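Visitor: I am new to this structure and would like to be guided through it. May we begin with a ligand and the residues around it?

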Amino acid sequence: MKTRHHPLLSPIALVSTLFLIAGLAFTLWMTGGRAFSPGDLSAVAHSPSGLGFEHHASFSDDCTQCHTPLQGVTADRCTNCHSEIAAQQAAGEKLHGRLGELACVNCHTEHLGSDVDLVAVALADFSAEDHALLFPLDGAHLTLDCADCHSDGTYSDTPTTCAGCHQEPAIHANQFGTACANCHTTADWQSAALTAHRFPLDHGGMGDQPCASCHLEQLTRYSCANCHVPQIMTDVHAGVATDNLQACTSCHQLATSAETERLQR
Ligand code: HEC
Ligand code: HEC
Ligand code: HEC
Ligand code: HEC
Ligand code: HEC
Ligand code: HEC
Ligand code: HEC
Ligand code: HEC
Ligand code: HEC
């Protein structure tokens, strides 16, 4: 009786398996692993890169440019080429210098096709959470279009203070100063309330004083003469070296006795 091999161990099966493996190995060798690639890499370039390649598709066969074996895509591979990003991170400046420990793949992906613009993809995926690492998008700002604050597709050098984007309104122009956030939040303009005031409103043990006791005409100016008689002030400060005695808060920021003692030394 002839011995019967298990069908998987028959000489024909073994030979064809060998051929299959050899064929796969040959294809991998010829394509550098592209057979396992989930899609084409971007062939869009914005400017001559100076990185030795035109775009990512120029090295699509060389997976290890971006993939570290057994670890996947790691930042060090990306910054090997993108030294301008590494420089931003080292300096803690610009967009990439202020994103903390976030991995590149949180915002940048690949294999989406050769005509895909990687910068456009990153911007489209840039969430309010990502944005808060630079500037919070809350209140009325949350529902705006990106272009309301970033016109002409320019993202860098956007003003960060309220007054950098908002004009003082006619009802209090030149009256309240330009530190808008002392009184306003991004919720709306109407519910205004003073939430930050550097000089204590209640020093001297008399409780909170009305605004007009120091701000005679407008909030951008102050006078202490309502209570501290100017002639007496001149006498008290006779031994104090100063070019401008009227700039009281250049010395008295807290108006406490501890501070005065410090100033006396
Ligand atoms: C320009 C850089 C780059 C090159 C070159 C590259 N990839 Fe990728 N690849 C990526 C990025 C980015 C991702 C997304 C990773 C993520 O979302 O975690 C990715 C994802 C993948 C994934 C999905 C699984 C995973 O790790 O997330 C596979 C599979 C893959 N790549 C295979 C390949 C193969 C095979 C090659 C070479 C033929 C290759 N890649 C070349 C950047 C690259
Ligand atoms: C072998 C060098 C090399 C590696 C590695 C590399 N890149 Fe690139 N990258 C380039 C080149 C070249 C361009 C095209 C430059 C251009 O558009 O000005 C580019 C373009 C980009 C762009 C679009 C820039 C633009 O202005 O259009 C992004 C975003 C980007 N790469 C992110 C990554 C990320 C994330 C990784 C790691 C997963 C990575 N790159 C790995 C060379 C590299
Ligand atoms: C929080 C999201 C986020 C992370 C994390 C991130 N990027 Fe970006 N990246 C962006 C956005 C958004 C842009 C587009 C910025 C613009 O147009 O001003 C960009 C642009 C780029 C560009 C184009 C050139 C430039 O300076 O505008 C490159 C290259 C790049 N990123 C590489 C990287 C690399 C490498 C890493 C990881 C070390 C990384 N990015 C991490 C969001 C991110
Ligand atoms: C209310 C105004 C406002 C809106 C709306 C807004 N941003 Fe911004 N964005 C800013 C400000 C302010 C900065 C600058 C932060 C800084 O430099 O400290 C900034 C910075 C950025 C940066 C970093 C630029 C760089 O190179 O440093 C990117 C990228 C960005 N915004 C993308 C977006 C995207 C995408 C949207 C829409 C989803 C958006 N922004 C909506 C105000 C806004
Ligand atoms: C980068 C520019 C930018 C900065 C910085 C900025 N805003 Fe805005 N803000 C806008 C734009 C654009 C709008 C929508 C158009 C408008 O109402 O002026 C807006 C709308 C608002 C609104 C809603 C107005 C309404 O009528 O509904 C309020 C309130 C507001 N901002 C408060 C603030 C405050 C407070 C700050 C500072 C903490 C600030 N903004 C900083 C650009 C900015
Ligand atoms: C000292 C507090 C204070 C500061 C600082 C301040 N505001 Fe106001 N703001 C107010 C008060 C109070 C109102 C009146 C609120 C109401 O309508 O009941 C107001 C009203 C407004 C209004 C609504 C005007 C209208 O016609 O209804 C706008 C817009 C506004 N402020 C913008 C600003 C901007 C922009 C800045 C900074 C350049 C700023 N404010 C700084 C207190 C302040
Ligand atoms: C006891 C004196 C005193 C009282 C009372 C007082 N302020 Fe002031 N205020 C000052 C001084 C001093 C400064 C300047 C702070 C500095 O230079 O550090 C100032 C600054 C300000 C500013 C900033 C002006 C600018 O140039 O940006 C605003 C707004 C303001 N005060 C609002 C108020 C309001 C509203 C009240 C009433 C609720 C009030 N202040 C009550 C002493 C006072
Ligand atoms: C160059 C710093 C400087 C400036 C500006 C200044 N002071 Fe003084 N102030 C001092 C010093 C130092 C003393 C303590 C003088 C001493 O005891 O010889 C003092 C003392 C005082 C005292 C008395 C405290 C006590 O012991 O009773 C008052 C009140 C006072 N200053 C208010 C003001 C007022 C109001 C202004 C603005 C009109 C002003 N100062 C400007 C430095 C300054
Ligand atoms: C409503 C009245 C009033 C106004 C307005 C006022 N003060 Fe006073 N201040 C007092 C009183 C009361 C004391 C405690 C008695 C004293 O030392 O003269 C005092 C004490 C002080 C002291 C001494 C603190 C110590 O214990 O050494 C300083 C400094 C001072 N004020 C600075 C200022 C400055 C600067 C301004 C203007 C921005 C100002 N004061 C406005 C009532 C006022």
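Visitor: How many residues in the shell around ligand 9 are nonpolar, polar and charged?
Guide: The model is a predicted one. Of the 19 residues around ligand 9, those that come nearest are Gly204, Cys224, Cys227, Cys248 and Thr260. Divided by class, the shell around ligand 9 holds no charged residues, 11 polar and eight nonpolar.

Visitor: Which residues come nearest to ligand 8?
Guide: The shell around ligand 8 has nine nonpolar and nine polar residues, and no charged ones. Of these 18 residues, the nearest are Cys224, Thr242, Cys248, Cys251 and Leu263.

Visitor: Which element gives the largest share of the shell around ligand 8?
Guide: Two or more residues of the shell around ligand 8 come from each of α9 (230-236) and α10 (257-264). The largest share, three residues, belongs to α10.

Visitor: What share of the residues in the chain is buried?
Guide: A residue counts as buried if 20 or more other C-beta atoms lie within 10 Å of its own C-beta atom. Among the 265 residues of the chain, the buried share is 2%.

Visitor: What share of the contacts with a separation of 6 or more joins residues 24 or more positions apart?
Guide: Two residues are in contact when their C-beta atoms lie within 7 Å. Of the contacts in the chain with a separation of 6 or more, residues 24 or more positions apart account for 44%.

Visitor: How far apart do the C-alpha centres of the two domains lie?
Guide: The domain assignment of the chain gives domain 1 as 36-126 and domain 2 as 203-264. The distance between the C-alpha centres of domain 1 and domain 2 is 58 Å.

Visitor: Which residues does glycine 177 contact, leaving aside its neighbours within four places in sequence?
Guide: Glycine 177 belongs to the loop between α8 (162-165) and α9. It counts as partly exposed because 15 C-beta neighbours lie inside 10 Å. Glycine 177 and serine 47, 130 residues apart in sequence, are separated by 44 Å from C-alpha to C-alpha. Apart from those sequence neighbours, the contacts of glycine 177 are Leu219 and Thr220.

Visitor: Is alanine 140 buried or exposed?
Guide: Alanine 140 sits in the loop between α6 (128-132) and α7. Not counting residues up to four places away in sequence, alanine 140 touches Thr186, Ala187 and Asp188. Since 12 other C-beta atoms lie within 10 Å, alanine 140 is exposed.

Visitor: How far apart in space are alanine 132 and alanine 238?
Guide: Alanine 132 is part of helix α6. Because it has 11 C-beta neighbours inside 10 Å, alanine 132 counts as exposed. In sequence, alanine 132 and alanine 238 are 106 residues apart; in space, from C-alpha to C-alpha, the distance is 51 Å.

Visitor: What is the phi of leucine 70?
Guide: Leucine 70 is placed in the loop between β1 (67-68) and β2 (72-73). With 5 other C-beta atoms within 10 Å, leucine 70 is exposed. Its phi is positive in a residue other than glycine, with a value near 70 degrees.

Visitor: What is the phi of aspartate 152?
Guide: Aspartate 152 lies in the loop between α7 (146-149) and α8. It is exposed because 6 other C-beta atoms lie within 10 Å. Although aspartate 152 is not a glycine, its phi is positive, about 55 degrees.

Visitor: Which element of the chain has the lowest mean pLDDT?
Guide: The chain has a mean pLDDT of 89, and 91% of its residues reach 70 or more. Among the elements, α8 has the highest mean, 97, whereas the lowest, 63, belongs to helix α1 (residues 11-31).

Notes
Residues are numbered from 1 along each chain as its sequence is written. Chains are lettered from A and ligands numbered from 1 in the order in which they are written. This is a predicted model: local features need pLDDT of at least 70, side-chain atom pairs count only at pLDDT 80 or more; totals for chains, interfaces and linings use all residues. A residue is near a molecule or strand if its C-beta atom, placed from the backbone, lies within 6 Å of it. Helices (H or I, at least four residues) and strands (E, at least two) are DSSP runs, numbered from the N terminus. Ala, Val, Leu, Ile, Met, Phe, Trp, Tyr, Cys and Pro count as nonpolar, Asp, Glu, Lys and Arg as charged, and the others, Gly among them, as polar. Domain bounds come from an automatic or database domain assignment. pLDDT is the predictor's confidence in each residue, from 0 to 100.
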